[in-house]
Amino acid sequence: MNVQFLISQIVKIRNIGRSDAEMNFLTYESKISCIDDNGKEVGKIIFPKRENNVYEIKSTKVDESMQGQGIAGKLMRLCLNEINARGGEVKATCSYAQKYIEKHGLRPLVICHMVTSIDGKVTGDFLFGKIGTQVSETYYELNRKLKGDAFACGRVTMESSFTNGFKPDLSGFSDEDIPYEDYIVQKHHYYAVSFDRYGKIGWTDSKTHDDDPGYDDCHIIEVLSETTSKEVMAYYRKIGVSYIFAGKDDIDLNVALNKLYSIFGIKNLLLEGGSIINGAFERENLIDELSLVVAPIVAGENSKPLFEKSAMQEFFLLDVKVQPDGSVWLRYRK
């Protein structure tokens, strides 16, 4: 994540597409300010950098007349995202920050990075023609520029990209009695996070293998629910795949993100589909940024949308860049 890019948004960060009733948030080196429509600072959070890349969240203040409108919580989320983007560690000495972190935990900055068609689709034949292939290569290049600590996909995307639907023979693991506890094999420089509540993906190795360096040699983390069979857990242990549990019958995304941060140190997570997992993150208000590479193609009605069963939310535009292949890279933030 390019810190200079984030700091450069001080002037233009909130000047696009906002209603008159909403606040402007300006990010500086060690402060985020909330500014009303008259240019008055009505809230701020102070987070100076200390030794060893630690950022101290020192104070959070909101004018008495503006309290109760969620400004303090918004300042905290923006502050934590900014520290994550800089790869920093969090130290909270402010009482409000301490209570916020105690309640919500710490989680990665989540950037949903996707190729879309003009009509907002993310799967379909449009990806495999001449133009679609060129735009996909641009998408992969931008993935490397974003420099996350991990990328995350749902089961269907992981299977189609890495395992081709392989199903291992689990008959040799029927007598395994394994507790439903997180299994951490190793810490790694980059991770492939698979949201796979039943543990259906038939990995053959503990790392991904891909021609693109942005997706190669990533240690695999399976995010499971307790509906996963013990045979699957035993198989993952045998091949060296790490796994964490984030719910009994289904995956609690907040729990999963808290664990990815606290156990693996993942501060910047690239969410890369498909529609189901993207939609689940969007409905839970867990997408902090959108990075959309829009191909100059209309995909048609049979392709899947960016978000399945989405909820109405507003983002604001950070940046627009036209790419040599005719695609447009759009950056949005909450």
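Predicted model: local features only at pLDDT ≥ 70, side-chain atom pairs only at ≥ 80, totals over all residues.
Residues are numbered from 1 along each chain as its sequence is written, and side-chain values use heavy atoms, with hydrogens and water left out.

A pair of aromatic rings is described by the distance of the centres and the angle of the planes. Rings of Phe, Tyr and Trp (its six-membered ring) were paired if their centres lie within 6.5 Å; planes under 30 degrees apart count as stacked, over 60 as edge-to-face and the rest as tilted. The count by this rule is 15 aromatic pairs. One of them joins Phe151 and Tyr215, with ring centres 5.0 Å apart and planes at 75°, so this pair is edge-to-face. Phe151 belongs to strand E8 (residues 150–154), whereas Tyr215 is in the loop between E9 and strand E10 (219–224), so the pair ties together parts 64 residues apart in sequence. Helices (H or I, at least four residues) and strands (E, at least two) are DSSP runs, numbered from the N terminus. Phe151 has a relative accessible area of 1% and is buried; Tyr215, at 7%, is also buried. Here buried means under 20% relative accessible area, exposed over 50%, and partly exposed in between (1.4 Å probe, protein chains only).

Tyr183 and Tyr243 form a tilted pair, at 5.5 Å centre to centre and 35° between the planes. Tyr183 lies in the loop between H5 and E9 and Tyr243 in strand E11 (residues 242–245), 60 residues apart. Tyr183 is partly exposed, with a relative accessible area of 22%, while Tyr243 is buried at 0%. Ring pairs also link Tyr139, Tyr140, Phe151, Phe162, Tyr190, Trp203 and Tyr215 into a cluster.

Two lysines were found with the charge over a ring (NZ of Lys or CZ of Arg within 6 Å of the ring centre and within 35 degrees of the ring normal). The charged end of Lys31 is 5.7 Å from the ring centre of Tyr28, and Lys267 lies over the face of Tyr261 at 5.8 Å from the ring centre.

Pro168 is placed in the loop between helix H5 (155–163) and strand E9 (191–195). Pro168 is buried, with a relative accessible area of 18%. Leaving aside residues up to four places away in sequence, Pro168 touches Gly202 and Tyr235, where contact means heavy atoms within 4.5 Å. The C-alpha atoms of Pro168 and Ile201 are separated by 9.0 Å, with the two residues 33 apart along the chain.
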